[in-house]
Amino acid sequence: MSDHLSSLKLTFLPAGRSITISAGTTILEAAREAGIHINSSCGGSGLCGKCRVRIESGEFSEEGSPRLSQKERQEGIHLACRTRISSNAEVRIAAEAGIISGGLTTGIKERRKASLYTFDIASLQKAGVFRPPVEKLFIELPRPGAHDNMADAGRLLASLASQYDEHGLIISLAVLRKLRRVLREDDFRVTVTIARPVRIGGRSYILNIQPGNWTRRNYGMVFDIGTTTVYGQIIDLASGEVLAEEGEYNGQIAYGEDVISRMIQAEKPGGLQMMGEVVCETMNRAIAAMQKKSGISREEISSLTVAGNTTMSHLFLELETDNIRRSPYVPVSTFLPPMRAADLGLDLQPHTVALVFPAVSSYVGGDIVAGVMGSGMYRDPEITLFLDIGTNAEIVIGNEEWLACAACSAGPAFEGGGITCGMRAGNGAISDFTVNPADLEPMNTTIGNKPVAGICGSGLLMIVAALFRHRIIGPDGKFNRELESHRLRAGENGFEFVLAFAEETGVDHDVVINEVDIDNFLRAKAAIFAGVVTLLEQVGLAIKDLDRVILAGAFGSFIDIDAAMTVGLLPPLDAEKVMYVGNGPLMGGRMNELSNHIRMEVVEAVNRMTSFELSEVPNFKDNYLAALFLPHTDRSIFPPDP
Ligand code: FES
């Protein structure tokens with residue numbers, strides 16, 4: 001079906017709000033996108049029967065709605081979560097017991113996610129910097145003869161100098177050992193793989209030599225070594241195209257979920273070597289899978305770029321992490337020289353060069369540097385806030401002239417940890433939420449439209465924002481005790497709100513959010529916002545001076561901008577000024593693989609990144625306390641709604 005034909009108009013009555021959807025979208029999904037509230041406490045899994053709507057016109061298909069009576073079916077009532085639209089249609093919102101007269105919206109025009117920032121290969125070409133750090137050159141050498149008995153190596157170097165203006169090349173013993181045979185295999189026609197220096201004035205290396213012309217087959221790999229997941233990509237260094245990608249759980253998870261546990265493990269006898277081997281095993285599985293998908297052989301991989309936080313990079317290289325976790329938090333090295341990938345335990349050839357992204361400090365690592373490079377903020381005039389939210393929040397602020405960075409501990413709330421019904425972002429996790437302020441009935445949306453199992457990080461943000469927006473909780477995060485609802489009750493951890501009763505869930509208990517959970521959320525968001533304000537203060541600026549925000553990491557891709565501004569996690573900016581870079585380390589890694597010029601800029605950018613230790617800045621605590629409220633105590637930053 002063409003895009004034109006699959007673009008449908010769905011109108012919600014009585015609100016009269018229309019949305020463009022693609023064929024096959026459920027009514028519940030469309031309502032969520034349109035900012036229309038439909039009761040759905042089971043998360044869209046067909047269990048609660050509360051998402052009744054009446055289809056007034058249009059075609060649709062239904063996946064079975066056992067909760068509907070014969071009479072309801074005759075009246076055109078359907079479950080919004082089970083019904084997929086296949087033509088232009090009009091749908092009237094119904095309440096559980098019948099048709100309601102008023103359209104209820106969530107108070108926002110539509111869901112707004114940060115727009116995706118991608119770098120564009122054409123722009124690298126236009127700027128004349130699309131030249132990989134590892135290149136392949138084809139060269140035809142003059143044959144030796146009675147009057148020309150120059151040595152093979154000298155012949156090769158002289159030809160490269162005369163035909164490509166390549167001077168001062170360093171040739172390795174491995175290349176010398178096979179040079180005689182390779183030169184003669186295709187009558188002195190060879191492909192030479194050359195690695196460029198990262199410093200101006202540095203010397204280039206001849207990494208490999210092959211008989212014949214192989215310049216069209218020059219490939220690179222990029223790896224993001226995350227604490228939880230390792231992602232890899234194979235890219236064509238001639239076109240920049242991603243040919244295959246693969247994600248694997250980091251095998252080190254067996255030794256603890258966070259970086260501190262990994263460092264403790266690495267300090268045990270033999271632990272460091274084991275942690276290095278385990279992550280290499282994970283990478284080798286990903287390499288094998290990507291080679292199978294792309295048909296690219298190991299011999300054709302010329303270079304590899306690796307980005308990870310400082311601990312992950314150290315463990316990958318088996319560098320001691322002991323002082324990363326102890327004050328004053330000193331890593332072994334922030335800059336790492338080019339290495340041979342095979343020496344690191346990777347199933348790649350000796351000629352494959354490994355480039356590891358430099359870090360700024362123990363807690364602002366190569367993954368953040370790669371994200372900053374991928375986002376392009378280091379060469380734009382706008383003052384940009386780059387924010388990577390996880391257990392730790394890494395913050396970079398700056399522009400083409402200066403860069404300041406810091407990290408702060410946000411705790412596990414944004415990854416679904418430390419809250420009563422928290423879970424990782426998997427099937428059944430509430431990831432989106434609104435509430436009907438009239439009867440406090442929730443609209444839960446779960447990942448995979450599976451029965452509610454818990455709350456993930458993005459769901460927690462949506463829940464707190466909606467409860468606050470509808471004054472079900474106050475600025476201090478406490479529930480309004482005056483409200484009457486069977487969903488609000490006193491629990492073991494203070495007042496709580498029942499998001500889904502046990503029978504509406506896929507677990508054997510009610511899924512709730514309580515005041516302790518909200519308090520944990522407030523602490524996490526306050527730490528991040530205080531980090532941003534404090535870092536700005538360190539460079540003599542304030543929130544109002546920010547021109548744009550770039551979000552990184554998985555949370556950034558899911559974050560609802562309005563919700564994040566409602567709770568005071570993000571500063572109030574135009575939504576158009578908020579972007580996300582998806583997987584920043586992979587994006588920065590690709591740029592590093594495709595442009596030696598950008599690789600040089602990485603070094604320059606890291607050298608001008610000033611790192612601040614927030615816990616040692618006296619104002620940080622005050623800023624933290626001020627941010628512990630929804631959205632913030634300083635209403636000059638977050639003006640009250642008119
Ligand atoms: S039955 Fe549709 S949301 Fe519960």
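Which residues does Leu-79 touch, not counting residues up to four places away in sequence? I looked this up first. Leu-79 touches Gly-49, Cys-51, Arg-52, Glu-62, Ser-65 and Leu-68. Contact here means heavy atoms within 4.5 Å.

**Ground rules.** I am reading a predicted model, where local features need pLDDT of at least 70, side-chain atom pairs count only at pLDDT 80 or more, and totals for chains, interfaces and linings use all residues. Residues are numbered from 1 along each chain as its sequence is written, and side-chain values use heavy atoms, with hydrogens and water left out.

**Leu-79.** I found Leu-79 in strand S5, residues 77-79. Helices (H or I, at least four residues) and strands (E, at least two) are DSSP runs, numbered from the N terminus. Leu-79 counts as buried because its relative accessibility is 1%. Buried means under 20% relative accessible area, exposed over 50%, and partly exposed in between, with a 1.4 Å probe and protein chains only. I also checked a distance. From C-alpha to C-alpha, Leu-79 and Ser-409 are 43 Å apart in space, and 330 residues apart in sequence.

**Helix H7.** I listed the buried residues of H7 (259-266): Val-259, Arg-262, Met-263, Gln-265 and Ala-266. They lie on the same side of H7, because they cover an arc of only 160° around the axis. That arc is taken from the directions from the helix axis to the C-beta atoms. What do these buried residues pack against? Their partners are helix H8 (271-294) and helix H9 (310-316). At the N-terminal end, Asp-258 is the cap of H7. One of its side-chain oxygens lies 3.1 Å from the backbone nitrogen of Ile-260.

**Aromatic pairs.** I noted four aromatic pairs from a search of the whole structure. Rings of Phe, Tyr and Trp (its six-membered ring) pair if their centres lie within 6.5 Å; planes under 30 degrees apart count as stacked, over 60 as edge-to-face and the rest as tilted. Phe-414 and Phe-521 form an edge-to-face pair, 5.7 Å centre to centre with 70° between the planes. This pair links distant parts of the chain, 107 residues apart. Phe-414 sits in the loop between strand S22 (403-409) and strand S23 (429-435), and Phe-521 in helix H12 (515-538). Both Phe-414 and Phe-521 are buried.

Phe-433 and Phe-497 are also an edge-to-face pair, at 6.4 Å centre to centre and 90° between the planes. Phe-433 belongs to strand S23 and Phe-497 to strand S27 (494-500), 64 residues apart. Phe-433 is buried, as is Phe-497.

**S23 and its sheet.** I followed S23 into an open sheet of three strands, in the order S24-S23-S25, with mixed pairing. Strands pair if DSSP finds at least two bridges between them. The edge strands are S24 (442-446) and S25 (454-455), each pairing on one side only. Five bridges join S23 and S24 in the antiparallel sense. Asp-432 stands opposite Thr-445 in S24.

**S27 and S28.** I then went to S27, which runs antiparallel to S28 with four bridges between them. Phe-497 stands opposite Ile-513 in S28. Are the faces of S28 (511-514) covered or open? Both are covered: Val-511 and Ile-513 on one side, Val-512 and Asn-514 on the other, are all buried. In a regular strand the side chains alternate between the two faces of the sheet.

**His-351.** I found His-351 in the loop between strand S18 (339-340) and strand S19 (353-356). His-351 counts as buried because its relative accessibility is 11%. A polar atom of its side chain lies 3.0 Å from the backbone oxygen of Glu-299. Beyond four places in sequence, His-351 touches Leu-207, Asn-208, Glu-299, Ile-301 and Ser-302.

**Helix H10.** How many of the ten residues of H10 (366-375) are buried? I counted ten of ten. Just after H10, Gly-376 takes a positive phi of about 75°.

**Thr-384.** I placed Thr-384 in strand S20 (384-389). Thr-384 counts as buried because its relative accessibility is 0%. Its side chain makes a polar contact with the side chain of Arg-548, at 2.8 Å. A polar contact is a pair of N or O atoms within 3.5 Å; within protein, one must be able to donate a hydrogen and the other to accept it, and residues adjacent in sequence count only if both atoms are side-chain atoms. Leaving aside neighbours within four places in sequence, the contacts of Thr-384 include Met-377, Val-396, Leu-546 and Arg-548.
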